Amino acid sequence: MNRFIVAEASKCIGCRTCEVACVLAHTGKEDVEALAGREFNPRLKVLKTLTVSAPVTCHHCEDAPCVNACPSHAISYRDSTVQVDQSKCLGCKTCVVACPFGAMEVISRPAIRSFAGIVVADGVTAEAHKCDLCIDRAAGPACVAVCPTDALHVMDETRLAETRARRQLRSALEASNVDAA
């Protein structure tokens with residue numbers, strides 16, 4: 001089973017700390033300069049309405065529509081997650097259209113190339129952008145680690161089974177209360 005992040009909307013206060021942690025974890029920077037303008041590209045987005053706020057993030061689907069839709073095979077499964085290989089990404093946005101959760105986006109970055117030892121900006125490059133569960137971060141997803149209300153959790157097979165068992169018990173207890181009435 002693929003792991004993914006679950007957000008408890010009832011606990012989320014919409015502070016966007018998870019977005020900031022995500023950007024810092026993926027830029028390799030530890031200061032607010034990484035948060036400026038075009039470089040602020042979190043891989044999850046906090047959605048806010050009048051009544052609810054919660055981050056929207058990749059579900060790392062078992063039969064992921066984005067994996068199936070990608071014409072260049074840039075999106076694949078790795079270590080119980082769905083990952084994007086930027087070197088293969090065309091920036092075609094097919095994954096954006098395919099994702100039922102709105103968790104994919106394509107961002108543009110300056111294309112930096114080196115010619116004869118001179119580094120130059122040469123146009124732009126597009127990248128499919130989504131939650132990667134901070135796969136290369138030893139401590140796991142940065143967003144989960146920093147959430148001040150503990151609204152974010154990594155859902156794995158064990159936690160999913162525990163959640164299902166708890167809900168089944170609750171359902172059975174509610175049914176027995178209805179029968180007793």
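Reader: How many cavities of 30 Å³ or more are there?
Author: The count is four cavities of 30 Å³ or more. A cavity is a set of points on a 1 Å grid over the protein atoms alone, where a 1.4 Å probe fits but cannot get out. This is a predicted model, where local features need pLDDT of at least 70, side-chain atom pairs count only at pLDDT 80 or more, and totals for chains, interfaces and linings use all residues. Residues are numbered from 1 along each chain as its sequence is written, and side-chain values use heavy atoms, with hydrogens and water left out.

Reader: What volume does the largest cavity have?
Author: About 90 Å³. Volume here is the space filled by probe spheres set on the points, with grid points joined across faces, edges and corners.

Reader: Switching to helix H1. Which of its residues are buried?
Author: Cys18, Glu19, Ala21, Cys22 and Val23, in residues 17–27. Buried means under 20% relative accessible area with a 1.4 Å probe, protein chains only. Helices are DSSP runs of H or I, at least four residues, and strands are runs of E, at least two, numbered from the N terminus.

Reader: What do they pack against?
Author: Strands S2 (45–48), S3 (53–56) and S8 (152–155), plus helix H4 (142–146). Contact means heavy atoms within 4.5 Å.

Reader: OK, pockets now. How much space lies in the largest one?
Author: About 340 Å³. A pocket is an open set with protein on both sides within 12 Å along at least five of seven lines. Of its 19 lining residues, Arg43, Gln83, Asp132, Ile135 and Asp136 are the closest to the centre.

Reader: Which element gives the largest share of that lining?
Author: S7, with three residues. The classes are six nonpolar, five polar and eight charged.

Reader: What about the second largest pocket?
Author: Its volume is about 240 Å³. Helix H5 (157–180) is among the elements that each supply at least two lining residues. H5 gives the largest share, six residues.

Note on methods: Buried < 20%, exposed > 50% of the residue type's maximum accessible area, 1.4 Å probe, protein only. Nonpolar A, V, L, I, M, F, W, Y, C, P; charged D, E, K, R; others polar.
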